[in-house]
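Student: I would like to go through the labels used for this structure and see what each one rests on.

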Amino acid sequence: MELITTTAQLTAACERLAKHPVITVDTEFLRETTYYPLLCVVQMASAEDAVVVDTLADGIDLAPFFALMANEAVLKVFHAARQDIEIIVHRAGVVPHPIFDTQVAAMVLGYGDSIAYDQLVERVTGHRPDKTHRFTDWSRRPLTEEQLHYAVSDVTHLRDVFAKLDADLKKRDRSDWVSEEMEILTSPKTYDFHPERAWERLKTRVRKPKELAVLMEVAAWREQEAQSRDVPRSRVLKDDAVGDIATHAPTSLEKLANLRSLPKGFDRSKWGSDIVAAVQRGIARDPNTLPKIEKPRGNSNGAATVELLKVLLRMTSERHAVASKVIATVDDLEQIATDDNADVGALHGWRRELFGEAALALKHGRLALAMEKGRVIRVDRA
């Protein structure tokens, strides 16, 4: 294992790693007190080599690492890659490609929904990784020998996990399934997140166009404020407060002061006027330019359809040994129950072949579910 603290060392290491068709990659970062994750450590391994990069070392330039991430000749293997990729996109403006996500592959192979790395390592290799330093402060220097050992073991175990999962995928003819997922995971659109879309992350339910317009403006203001101050969104304004503002639409500081979800005196802060201005912008928006508000789905028949689809999904998951979560979400099922042409993952690609067509057949009575010897079975109708 080599600890890298200089640009020259990093350049040499990346040149060595680039000669291999497959490398494993992991990062350690902190984001509890910032909007953007603070990248602290990068660890990488090939079949012959393992390195730990101190990304906070004085004067180190990470350009060789980012170039390696964009090298099309090298497959980069991650576990639960989304946050790692977000960090690289933010720091360098590049999306690693090609990649292989062992968490996605594990779901495709029936290891369960979003299996944790240490659990997957234990099930695949029999080793039980040391989790002691998972939540250590990776920004403190110097890095300890224990931290370095932990970091290296993450990517060296990942080599064995990848080899096993890749072989299983090929044996079961499911490599293309994972490839489809990787194209989504490495699409620049996946990481093209703008403040005006911040409202989509919120679980707040709005019932009127005016509420939606205010929600969109206030959420966008909060996102921009969090980005400019580099603090978590909740440090600016909590989610329930954003929803409360959308519902009540306070157009003055006096009305803003009446909201219980805001800290006492918030209306007198420099942000009080910003929020009132955001509310006023929302109220002034043309309702015809707003996204459609989803109506509550369904009557009792629609709810019953969703329940039947859940049974079919579980049957499909168990029969094919694929985690149900990677096939379809509850939201997918709810949309399928009301719309045959819903733009959901379950009605595209391998998911449609595995489950989507059967879901539509069940919905329209071309397929039925029945009990036989204590088991639920599907009955295809003519």
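Predicted model: local features only at pLDDT ≥ 70, side-chain atom pairs only at ≥ 80, totals over all residues.

Student: Why are α8 and α10 called oblique to each other?

Tutor: The axes of helix α8 (residues 209-229) and helix α10 (residues 239-248) cross at roughly 140 degrees. Angles over 145 count as roughly antiparallel and 65 to 115 as roughly perpendicular, so α8 and α10 are oblique. Their axes come within 8 Å, and the crossing of α8 past α10 is right-handed.

Student: Which residues make the contact?

Tutor: On α8 they are Glu211, Val214, Leu215, Val218, Ala219 and Arg222. On α10 they are Asp239, Val242, Ile245, Ala246 and Thr247. Sorted by class, the contact of α8 with α10 has seven nonpolar, three charged and one polar residues.

Student: What does UniProt list for residues 208-289?

Tutor: The UniProt record, an unreviewed entry, gives "domain: HRDC" for residues 208-289. In the model this span is 67% helix and 0% strand, and its end C-alpha atoms lie 14 Å apart.

Student: How many aromatic pairs does the structure hold?

Tutor: There are six aromatic pairs in the structure.

Student: What makes the pair of Trp138 and Tyr150 tilted?

Tutor: The ring centres of Trp138 and Tyr150 are 5.9 Å apart, and centres within 6.5 Å make a pair. The planes stand at 40 degrees; under 30 would count as stacked and over 60 as edge-to-face, so the pair is tilted.

Student: Where do Trp138 and Tyr150 sit?

Tutor: Trp138 is in the loop between α5 (117-125) and α6 (145-171), and Tyr150 is in helix α6, twelve residues apart.

Definitions and conventions: Residues numbered from 1 in each chain as written. Heavy atoms only, no water. Axes fitted to C-alpha atoms, helices over the stretch in contact; angles between N-to-C directions. Helix = DSSP H or I, 4+ residues; strand = E, 2+ residues; numbered from the N terminus. Parallel < 35°, antiparallel > 145°, perpendicular 65-115°, else oblique. Left-handed = near helix turned anticlockwise from the far one by under 90°. Contact = heavy atoms within 4.5 Å. Nonpolar A, V, L, I, M, F, W, Y, C, P; charged D, E, K, R; others polar. UniProt positions renumbered as here; feature names shortened; annotations may be inferred.
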